[in-house]
Amino acid sequence: MEITFRWYGDDDPVPLQYIRQIPSVTGVVSALYDVPVGEQWPREKLAALQSKVESAGLRLSVIESIPVHEDIKLGRPGRDELIDNYCASVRNMGSLGIGILCYNFMPVFDWTRTQLARLNDDGSTSLAYDHGELAGIDPAEESLELPGWAAGYGRKEQSAHIAAFRGMDEEALWRNLEYFLKRVVPVAEGAGVRMGIHPDDPPWPIFGLPRIIKDERDLDRLVAAVDSPSNGITFCTGSLGPNAEFGIEGALEKYCAAGRVPFVHCRNIRRTGERAFIETAHPTEQGDVDMFAVMKTLVRAGFSGALRPDHGRMIWGETGRPGYGLYDRALGAMYLAGLREALQKELNPAARKRER
Ligand SMILES: [Mn+2]
């Protein structure tokens with residue numbers, strides 16, 4: 001398994017050179033941030049990103065994400081052309097040897113939190129979510145700002161999207177996802193790209209919009225939709241973890257055994273109520289996700305994909321992109337690397353020779 005680190009391109013306050021200095025991190029997770037949603041990602045732009053990463057001594061291991069245009073999720077008439085563009089982008093990444101693609105199928109909003117800097121006892125700050133606080137918020141209101149809102153659309157367009165999705169039930173959204181997968185997955189397979197859908201975050205509907213990748217039943221349906229190793233899951237422990245009913249280890253073991261986990265996000269959270277949680281530091285004792293069990297499951301499964309620390313807290317006075325500061329994520333990477341070494345030496349001494 002390769003330990004990776006997300007990088008938001010030249011605008012990221014964390015330079016590639018700093019990522020290179022984190023022990024055990026060899027791969028970068030990034031994207032093109034200047035291509036309008038729905039357009040093809042040009043091969044030469046991807047190649048330029050890749051060579052920038054490589055000249056810093058790292059590998060561009062994962063694309064996260066090529067955004068899926070809302071018209072695809074809505075099943076609108078223009079979707080076939082948009083899907084063709086998506087396929088072209090996937091082919092381009094595959095032709096450069098970039099083999100993992102993380103994407104999501106959440107209507108309008110990506111990850112959503114109600115607090116970006118909740119103060120912890122130790123003076124650090126965390127992202128936090130409380131479903132009750134969303135109740136009085138109308139996301140169609142033009143003046144409102146919430147973290148995780150989809151970029152790339154104007155606010156007016158966003159309000160129109162919200163209205164369109166409110167008329168859609170989960171089954172209709174599923175049909176649109178299946179339509180998308182039946183066309184894109186064979187292309188990905190041919191291009192040597194493994195796609196991993198990111199679970200809905202948080203794992204329940206928000207703002208009355210349908211959300212369909214929330215639990216094990218949904219993940220079962222996803223992997224069954226197209227029978228291909230390229231139709232997989234980005235197993236995000238922090239997105240699935242807020243649902244106390246979700247059995248992380250069992251599900252991870254099952255989908256790894258099926259060869260459907262190309263990419264893992266390791267994040268810990270502490271559940272603070274019904275549909276409420278705080279993001280914590282990575283170690284097991286800090287939250288409700290047993291990170292040791294997660295890593296043990298991966299090592300036992302011979303997981304050969306990419307893994308990254310997910311959101312971190314803000315510590316040591318750092319300011320920056322919410323959830324994506326350097327320090328706490330670097331600590332997370334080191335912790336995960338420590339677990340990996342210990343588990344590999346205990347469980348799988350032959351395999352560690354192949355690992356970096
Ligand atoms: Mn995640």
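1. Helix 2 covers residues 43-55 in this predicted model. Its 13 residues should span 18 Å at 1.5 Å a residue, and the end C-alpha atoms are 18 Å apart, so expectation and model agree.

2. Which residues of helix 2 are buried? They are Leu46, Leu49 and Val53. Seen down the axis of helix 2, the buried residues fall within an arc of 60°, so they line one face of the helix. An α-helix has 3.6 residues a turn, so residues three or four places apart point the same way.

3. The other side of helix 2 carries exposed residues: Glu44, Ala48, Ser51 and Ser55. The buried residues of helix 2 have a cover that includes helix 1 (16-20) and strand 2 (25-30). Strand 3 (59-64) and helix 4 (79-95) are also part of that cover.

4. After helix 2 comes Gly57. Its phi is positive, near 85°. Helix 4 is likewise followed by a glycine with positive phi: Gly97, near 80°.

5. Helix 4 has 17 residues. From first C-alpha to last, helix 4 reaches 24 Å, close to the 24 Å expected at 1.5 Å a residue.

6. The buried residues of helix 4 are Arg79, Leu82, Ile83, Tyr86, Ser89, Val90, Asn92, Met93 and Gly94. What covers them includes helix 2, strand 3 and helix 3 (70-73). Strand 4 (100-103) and helix 7 (170-191) also belong to the cover of helix 4.

7. Two cis peptide bonds deserve a look. One joins Glu64 and Ser65, with omega about -10°. Ser65 sits in the loop between strand 3 and helix 3. Another runs from Asp201 to Pro202, with omega near 0°. Pro202 sits in the loop between strand 7 (194-197) and helix 8 (216-225).

8. Ser24 is a residue other than glycine with positive phi, near 80°. Ser24 lies in the loop between helix 1 and strand 2.

9. Val108 has 22 C-beta neighbours inside 10 Å, so it counts as buried.

Conventions. Residues are numbered from 1 along each chain as its sequence is written. This is a predicted model: local features need pLDDT of at least 70, side-chain atom pairs count only at pLDDT 80 or more; totals for chains, interfaces and linings use all residues. Helices (H or I, at least four residues) and strands (E, at least two) are DSSP runs, numbered from the N terminus. The expected span of a helix is 1.5 Å times one less than its number of residues. A residue is buried if 20 or more other C-beta atoms lie within 10 Å of its own, exposed if 12 or fewer, and partly exposed in between; C-beta atoms are placed from the backbone. The arc is that of the directions from the helix axis to the C-beta atoms. Two residues are in contact if their C-beta atoms, placed from the backbone, lie within 7 Å.
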